[in-house]
Amino acid sequence: MRFHAMQSTITFLAITIIDIIFGAIPFFGWILGSLVTLVGLIFWIPGMAKAYQGEYYKFPIVGEIAEKQVENFNI
């Protein structure tokens, strides 16, 4: 459970920061921000389903970071 929470926090914090940065760019940034939001939705739905089923599922890149962070908290 902690892994899923950490993975979600890292993933969506990064997506939010990227979305804010793109939001500062006129017009073209709005388009990129919309695409980033869509990618977040694509990650969110299967991530919730896998966590609800109790399945250990790692997102690319973020999954490794989350796993290391959870190990650091369990010392």
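With which residues is Phe43 in contact, once its neighbours within four places in sequence are left aside? In this predicted model, in which residues are numbered from 1 along each chain as its sequence is written, local features need a pLDDT of at least 70, side-chain atom pairs count only at pLDDT 80 or more, and totals for chains, interfaces and linings use all residues. Side-chain values use heavy atoms, with hydrogens and water left out.

Phe43 is placed in helix H2, where helices are DSSP runs of H or I of at least four residues, numbered from the N terminus. Beyond those sequence neighbours, Phe43 is in contact with Phe12, Phe59 and Pro60, contact being defined as heavy atoms within 4.5 Å. Phe12 and Phe43 are 31 residues apart along the chain, and their C-alpha atoms are separated by 9.2 Å. With a relative accessibility of 28%, Phe43 counts as partly exposed, a class that lies between buried (under 20% relative accessible area) and exposed (over 50%), as computed with a 1.4 Å probe on protein chains only.

Helix H1 comprises the 22 residues 2–23, and its end C-alpha atoms are 31 Å apart, in agreement with the 32 Å that it should span at 1.5 Å a residue; the expected span is taken as 1.5 Å times one less than the number of residues. The buried residues of H1 are Phe3, His4, Met6, Gln7, Thr11 and Ile15, and these pack against both helix H2 (28–52) and helix H3 (62–73).

Helix H3, with 12 residues, reaches 17 Å from its first C-alpha to its last, which is close to the 16 Å expected at 1.5 Å a residue. Its buried residues are Val62, Gly63, Ala66 and Val70. Because they cover an arc of only 95 degrees around the axis, they are placed on the same side of H3, the arc being that of the directions from the helix axis to the C-beta atoms. An α-helix has 3.6 residues a turn, so residues three or four places apart point the same way. The buried residues of H3 pack against H1, whereas the face of H3 turned away from its buried side carries the exposed residues Lys68 and Glu71.

Two residues in loops have a positive phi without being glycine. Phe27, in the loop between H1 and H2, has a phi near 45 degrees, and its relative accessibility of 63% means that it counts as exposed. Ile61, in the loop between H2 and H3, has a phi of about 65 degrees and, at 67% relative accessibility, likewise counts as exposed.

Phe27 also contributes to a nonpolar surface patch of about 1300 Å², made by Ile25, Phe27, Phe28, Trp30, Ile31, Leu35, Leu38, Leu41, Ile42, Trp44, Ile45 and Met48. Patches are made of residues with over 30% relative accessible area and no salt bridge, nonpolar side chains (Val, Leu, Ile, Met, Phe, Trp, Tyr) being joined within 5 Å and like charges within 9 Å; the accessible areas come from the Shrake-Rupley method with a 1.4 Å probe, and for residues only the protein chains shown count as cover.

A search of the whole structure finds three salt bridges, each defined as a side-chain nitrogen of Lys or Arg within 4 Å of a carboxyl oxygen of Asp or Glu. In one of them, the side chains of Glu55 and Lys50 meet at an N to O distance of 3.2 Å; Glu55 is partly exposed, with a relative accessible area of 33%, and Lys50 is also partly exposed, at 24%. Lys58 forms a salt bridge with Glu64, their closest N and O atoms being 2.6 Å apart, and here too the partners are partly exposed, Lys58 at 31% relative accessibility and Glu64 at 40%. Glu67, partly exposed at 21% relative accessibility, forms a salt bridge with Lys58 in which the closest N and O atoms are 3.3 Å apart. Through salt bridges that share partners, Lys58, Glu64 and Glu67 are joined into one network.
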